[in-house]
Amino acid sequence: MSVHDELTSVQRCLDELCRSVGRLEQQIGGGGLDMRRVRADVDHLRESVALLRETSSTTASTRRPDLVTIPDTPYDSTLWTDSDDEGLGARDRHAP
C-alpha cells in the first residue's frame, strides 16, 4: 500500500474511534476526568494524522536528488599532494 492509502486507512479508523468515543460519552457522561482525557487523546491523534497528511503530501511532491555513482578505480594520487595524514602530520615532517 502507498503512504496515501495507509493514511486514508488510519483516518477511517480514527473516524470510527471518534464515533465510538462519542457514543461512550453519551452513555457514561463526558464530565469525568477519564472521559475528558480520552477525548483529548483522540483529538491529539486527529491533529497528528493531519500533520502526517501535510508532511506526506509535501514530501511526495519533492523529488529525491539523483544518486551519484562513485567509480571503483583508484583516486588520482595528486589529490593528496599537500594533505596531512590525520594524527600523523605532514609527510615531510616528523612527529615531535
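My entries below go from the overall layout to single residues.

**Entry 1: the layout**

First thing to write down: this is a predicted model. I looked up the secondary structure and found 2 helices and 0 strands. Helix H1 covers residues 3-28, and helix H2 runs over 33-61. The chain has 96 residues, and 10% of them count as buried. Its accessible surface comes to about 8,600 Å², and carbon and sulfur atoms hold 57% of that. I also checked contacts with a separation of 6 or more: residues 24 or more positions apart account for 51% of them.

**Entry 2: salt bridges**

How many salt bridges does the structure hold? I get 4. As a reminder to myself, side chains of opposite charge can pair when their charged atoms come close.

I started with Asp 15 and Arg 46, whose side chains meet in a salt bridge at 3.3 Å, N to O. Asp 15 sits in helix H1 and Arg 46 in helix H2, so this pair ties together parts that are 31 residues apart in sequence. Both ends are partly exposed: Asp 15 has a relative accessible area of 24%, and Arg 46 has 34%.

Next I looked at Arg 39 and Glu 25, which also meet through their side chains, here at 2.9 Å, N to O. This pair links distant parts of the chain as well, with Arg 39 in helix H2 and Glu 25 in helix H1, 14 residues apart. Arg 39 is partly exposed at 22% relative accessible area, and Glu 25 is partly exposed at 21%.

Then came Glu 16 and Arg 23, a salt bridge at 3.6 Å, N to O. I noted 36% relative accessible area for Glu 16, so it goes down as partly exposed. Arg 23 is partly exposed too, at 44%. Which residues are linked in a network of salt bridges? They are Glu 16, Arg 19 and Arg 23.

**Entry 3: cysteines**

I wanted to know about disulfides, where a covalent bond joins the sulfur atoms of two cysteines. The structure holds 0 of them. I still looked up two cysteines. Is Cys 13 buried or exposed? It counts as exposed, because its relative accessibility is 52% and the cut-off for exposed is over 50%. Cys 18 has 11% relative accessibility, so I put it down as buried.

**Entry 4: a glycine in H1**

Gly 22 lies in helix H1. Why does Gly 22 count as buried? Its relative accessibility is 19%, and buried means under 20%. I also checked Gly 22 against Met 35: the two are 13 residues apart in sequence, and their C-alpha atoms are 10.0 Å apart in space.

**Entry 5: a nonpolar patch**

Last stop was the surface. Which residues form a nonpolar patch there? I found Ile 70, Tyr 75, Leu 79 and Trp 80, with about 500 Å² of accessible area together. Tyr 75 lies in the segment after helix H2. Its relative accessibility is 56%, so Tyr 75 counts as exposed.

How values were computed:
Residues numbered from 1 in each chain as written. Predicted model: local features only at pLDDT ≥ 70, side-chain atom pairs only at ≥ 80, totals over all residues. Heavy atoms only, no water. Patch = residues over 30% accessible without salt bridge, like charges linked within 9 Å, V, L, I, M, F, W, Y side chains within 5 Å. Areas by Shrake-Rupley, 256 points an atom, 1.4 Å probe, with all protein chains shown as cover. Helix = DSSP H or I, 4+ residues; strand = E, 2+ residues; numbered from the N terminus. Buried < 20%, exposed > 50% of the residue type's maximum accessible area, 1.4 Å probe, protein only. Disulfide = S-S within 2.5 Å. Contact = heavy atoms within 4.5 Å.
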